[in-house]
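Let's look at a protein together and ask how we know what we say about it.

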Amino acid sequence: MPNYKMNICTSRIKLIGIAIISIICVTVLLVHEVSAKGNLARRAERLPELKIDAAKGFSIKKYLLETGKYYRWRIISDGRDEYSFVFPKLSRNIWIGQVVIEDKEVKPFGGIYSLEFDDEGEIDVYFLPIRPGKYEYYVENYRESGMLGQIIVK
């Protein structure tokens, strides 16, 4: 009988030790993975404005961003045509805080398929990249005309 009680105590001590080590490992991993590099409570970092020009295409073809930083991206249309500006893969890999159109805020839940410009104007997109990768942005039906760019998130 004494061996039986000793085995139970030893097993319990081993289980408690494994549980403690597991909790420590998971906590370290979560803290490492979730921690953001920037202060999300402060203002968004302004990206250089992206201008959509029917004759010249995009003013900027490539942006380099970091996960964990909050950005404001102003997109400006020249109004010469109707544009459907899309960033499909990027919109599934960012958290969108708000979209501002003529000082009116839209707070989306989920992603955005496209930003439609029927006339001249600007739209601000506030977002936080959550997954590294290379993402295209473009105007539908104008990709071959030079309205194609890339955002690289590190």
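Q: What is the strand order of the open sheet of five strands?
A: In this predicted model, the order is 4-12-11-6-9, and the pairing is mixed.

Q: What makes strand 4 and strand 9 the edge strands?
A: Strand 4 (62-65) and strand 9 (114-117) each pair on one side only. As for the twist, it averages 15° from one strand to the next.

Q: How do you know that strand 6 and strand 9 count as paired?
A: Pairing takes at least two bridges. Strand 6 (residues 83-86) is joined to strand 9 by four bridges, so the two strands count as a pair, and they run antiparallel. One spot to look at is Phe85, whose bridge partner in strand 9 is Leu115.

Q: Which residues have the most contacts inside the largest nonpolar core?
A: They are Trp73, Phe85, Leu115 and Tyr137, in a core of 30 residues. Leu115, for example, touches Ile75, Tyr83, Ser84, Phe85, Phe87, Val99, Ile123 and Val125, leaving out residues up to four places away in sequence. There's also a second, separate core of five residues, with Ala44, Tyr70, Tyr126 and Leu128 among them. As a general background point, nonpolar side chains tend to be buried together in soluble globular proteins.

Q: Why is Leu47 called buried?
A: The cut-off for buried is under 20% relative accessible area. Leu47 comes in at 9%, so it counts as buried. You'll find Leu47 in the loop between strand 1 (45-46) and strand 2 (50-53).

Q: What does Leu47 touch, not counting residues up to four places away in sequence?
A: Its contacts are Tyr63, Leu65, Tyr71, Arg72, Trp73 and Phe127. Take Arg72: it sits 25 residues from Leu47 along the chain, yet 6.0 Å separates their C-alpha atoms.

Q: Is Ser91 buried or exposed?
A: Buried, because its relative accessibility is 8% and the cut-off is under 20%. Ser91 belongs to helix 2 (residues 88-91).

Q: Why is strand 7 described as largely enclosed by the rest of the structure?
A: Because six of its eight residues (the strand covers 94-101) are buried.

Q: How do you know that strand 7 pairs with strand 10 and with strand 8?
A: Count the bridges again, with at least two needed. Seven bridges join strand 7 to strand 10 (residues 121-129), and the two run antiparallel. Three bridges join strand 7 to strand 8 (residues 104-106), also antiparallel. Both counts meet the requirement, so both pairings hold. Within them, Ile96 stands opposite Phe127 in strand 10, while Ile101 stands opposite Lys104 in strand 8.

Q: What lies between strand 7 and strand 8 in their hairpin?
A: Two residues, and Glu102 in the turn has a positive phi of about 50°.

Key. Residues numbered from 1 in each chain as written. Predicted model: local features only at pLDDT ≥ 70, side-chain atom pairs only at ≥ 80, totals over all residues. Heavy atoms only, no water. Core = buried A, V, L, I, M, F, W, Y, C linked by side-chain atoms within 4.5 Å. Buried < 20%, exposed > 50% of the residue type's maximum accessible area, 1.4 Å probe, protein only. Contact = heavy atoms within 4.5 Å. Axes fitted to C-alpha atoms, helices over the stretch in contact; angles between N-to-C directions.
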